[in-house]
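Biologist: I would like a close look at a single part of this model. Please take it step by step and give the cut-offs as you go.

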Amino acid sequence: MTGSEDTAPEEFGWILNRLRRQAGLTQEELADRAGLSARGIRALERGGRPPRAFTLRSLVEALELSTQDRDRMIGAAGRVRRPGLHEGPDPDRGMPLGRDAELRSILAHLAGKTVRQVLLLTGPPGIGKTQLLQEATRLARMSDVPVLSGACHRFGGHAGAPLFPTLAAADQGGSDADTAAVRVDRLARRGHVLLVLDDLQWITDEGLATLASVVRESRRVRVLAAYRGTEVGVGHPLSGFVSELVGADAVTHVGVGPLTPSAAEAVLDRATGGAEVLAPGRIRALRVAGGVPLYLEHLGRALASMSDAWSDELPWELVHVVRDRIMALPAQTVAALDVLAAGTSVDPVTLPGDDDLAPAIAAGLVRDDGDGARLVDEVVARVLRDGLATGRRCEVDRGLVPAVVHERRDAKSLAQVRTSTASDLYGLGRFAESAREADLAVGPAAASDDLSVLASAYLWRGLAGRMIGRGSAAIADLHAAESLAVRQADDSLAGHARTGLAISHFYAGRLRQADRYFRQVLDEARRAGDRALVARTEGNLAVCAYCFGDWGPALDQYARAIEVGSATSRWAEAWARLNRVEMLILAHRFDEARADLRLVVALPQELDIVRRATTARAVLEVRAGRPQNALRYLGPLLDRDPVPEWYVTEMLPTVAAAHLAAGDLNRASAVASSAVLRSRAAVHVPGLVDALRVAAVVDAHRGAHARSRSLVDEALGITEVAGSPVFELHAREALAEVERVCGRGTDPGRADAAVIRLRADLASALPEIAVEVR
């Protein structure tokens with residue numbers, strides 16, 4: 001793309017608008033496909049801001065673009081694609097580390113120390129083949145060797161790719177009738193030409209025929225190519241070509257494997273960019289990566305972004321790459337991998353149909369060392385477990401039931417007892433114990449063939465799992481519970497599962513999905529005449545409307561929830577008031593917030609209400625300049641053992657803000673960092689935005705300006721994806737404060753402009769609230 005940086009967003013917006021219309025999508029439909037907000041799509045098309053990397057990936061996938069349109073969109077966004085070979089090495093990745101033996105073979109090939117024309121690098125995806133090709137290109141150009149480079153693509157591209165387009169571009173003076181070999185000879189005016197080709201496993205028949213003719217007819221070409229050996233089996237066209245080269249003694253093969261431990265450490269350290277990383281996170285990343293450079297780079301960047309610990313969530317890009325390899329396998333192989341994935345480690349498992357695993361073994365995802373099949377590394381195991389389809393979970397769990405359970409009747413009885421215990425423990429707030437009991441119930445329930453009992457086990461494991469921070473796994477369990485309950489026509493259990501899903505999606509930042517589930521639950525509650533559930537769900541829908549920026553309707557729904565709850569469910573009334581308190585605090589309507597809070601305190605108390613009310617009271621104390629009071633209120637709640645992770649993530653940002661207001665920067669920094677880490681691990685997006693807001697301001701006061709801006713950028717990125725003005729207000733409050741502390745903004749009013757505008761929008765939507773006195 002040409003032009004100044006200032007014009008990039010506008011050009012991107014024009015291209016996005018054209019491609020969206022070309023796909024026949026409205027802004028709302030594209031937003032739904034991409035998991036973004038319609039508001040964010042409109043802003044991008046107006047040229048209001050450049051897209052972030054996550055947004056760009058989501059748009060490219062949702063629009064299902066051709067290679068040409070995809071490259072044009074990425075170029076317009078000002079994002080640098082992973083360099084093609086013609087662009088030289090990726091400066092962010094640097095020189096290949098721990099590859100001395102491979103580089104010696106490449107240098108010998110470049111220097112012509114062997115008569116063999118072709119050098120082939122093979123290995124699984126992510127092992128570092130492309131980086132070696134980039135380094136070879138750089139070394140060849142340093143020696144004034146002409147380099148022609150290209151890459152094959154799985155989807156689309158020229159029929160003769162990668163050679164025809166590459167040669168035509170380099171030899172523009174040639175005739176269309178010239179063969180590839182003639183073009184190569186003409187380009188090699190002073191010696192050999194180096195032909196560098198990547199991803200040969202996707203080469204077309206025409207491209208392979210062209211490559212074969214060049215190797216046979218031109219003695220002035222040396223070929224350096226790479227392919228995934230795991231994807232080239234017997235019968236693959238490339239396999240026959242390699243056999244021909246072997247027969248002619250024209251090829252050298254170099255297998256690229258995992259890095260040594262010392263080299264892996266060096267790659268991880270480079271990926272962290274010098275960020276300070278604590279030993280436990282570093283050790284775990286090295287173990288999980290298993291010496292695979294791609295894993296190390298993604299995990300290193302993830303570690304650097306959280307700075308001080310390890311998140312249980314794998315980076316999105318890494319998950320996508322591994323899942324892509326899995327889904328390329330036959331269906332029966334994926335089904336067999338599900339069974340391996342259901343375990344908690346990469347221990348060997350003996351399967352009845354080991355032949356089904358042969359493609360996975362060939363693809364380098366599974367190995368069989370005689371004791372049974374096992375997944376090659378923890379990354380593959382994690383991706384498989386997290387992505388296990390709902391319909392398969394029942395079958396897999398049934399297949400892994402311990403052999404001691406023989407009688408279905410005994411299995412059902414055991415499952416019923418454990419499920420009932422899990423339910424009781426959940427009601428007592430002992431969520432970790434509830435999750436353990438439900439986990440122990442799943443296997444026997446699956447063996448009993450009683451789908452209702454199995455649905456209950458999944459339900460309580462999912463509900464309790466959410467409370468102890470198992471975000472992604474909890475959603476999978478709740479989906480399984482809902483699916484089984486629907487099959488059994490158990491409306492009550494299905495409603496519980498949908499409520500859990502709605503809440504889980506909300507806290508994961510997927511507000512639209514949460515809203516849809518809540519509306520479904522509300523319709524069912526009204527049909528059943530369950531007024532208590534109506535009150536709770538009205539309150540939850542009000543929270544969604546509030547986060548969407550529909551502040552007037554949110555206030556109306558809070559009022560309805562309070563009215564119905566006062567007659568049917570004091571808990572629902574208290575919960576609705578607490579959520580309205582949060583809205584009033586955000587609008588700086590502190591007196592009304594205190595009045596609502598006093599009414600909540602007067603209602604019958606449950607521990608979850610006490611925690612939320614105390615947190616809201618602490619926020620008001622910090623706002624009033626009394627941080628020590630806030631710490632005194634929250635301290636006893638955090639000192640209770642155990643405190644469910646869900647509540648910890650909601651309280652810690654306020655604790656950090658109180659320490660900051662009290663002038664204790666060290667303590668504020670430690671608590672804020674813990675809040676960010678724990679919110680990420682729990683998939684608690686509203687808590688994460690709040691934690692990032694406080695952590696960014698704390699870092700700015702400590703002089704860590706670069707890190708503070710990085711945290712603000714992360715919060716703004718979450719805001720863009722979720723499409724929530726409430727999240728945006730929190731993030732922009734942090735941005736304005738960081739700008740003031742760092743001295744970057746010469747006009748404080750300008751720095752605060754977005755905050756002032758958003759808060760004015762909120763205030764104008766809220767009439768005076770007449771809070772009744774009891």
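Within what distance do the axes of helix α28 and helix α29 come, and at roughly what angle do they cross?

Modeller: This is a predicted model, in which local features need pLDDT of at least 70 and side-chain atom pairs count only at pLDDT 80 or more, while totals for chains, interfaces and linings use all residues. Residues are numbered from 1 along each chain as its sequence is written, and side-chain values use heavy atoms, with hydrogens and water left out.

The axes of α28 (residues 570-586) and α29 (residues 590-602) come within 8 Å and cross at roughly 165°. Helices here are DSSP runs of H or I with at least four residues, strands are runs of E with at least two, and both are numbered from the N terminus. An axis is a line fitted to C-alpha atoms, for helices over the stretch in contact, and angles between N-to-C directions run from 0 to 180 degrees. The crossing angle therefore makes α28 roughly antiparallel to α29; the terms are roughly parallel under 35 degrees, roughly antiparallel over 145, roughly perpendicular from 65 to 115, and oblique for the rest. The crossing is left-handed, that is, the near helix is turned anticlockwise from the far one by less than a right angle; clockwise would be right-handed.

On the α28 side, the contact (heavy atoms within 4.5 Å) is made by A574, R577, L578, R580, V581, L584 and I585. From α29 come F590, E592, A593, D596, L597, L599 and V600.

Leaving aside residues up to four places away in sequence, I609 touches W571, A574, W575, L578 and V600. Of these, A574 and L578 of α28 and V600 of α29 also take part in the contact between those two helices.

Elsewhere in the chain, helix α6 (residues 100-110) packs on a sheet, touching β1, β3 (193-198), β4 and β5. The direction of α6 makes about 160° with that of β1. Its buried residues are E102, L103, I106 and H109, whereas D100 and R104 are exposed on the face turned away from that buried side.

How values were computed:
Buried < 20%, exposed > 50% of the residue type's maximum accessible area, 1.4 Å probe, protein only.
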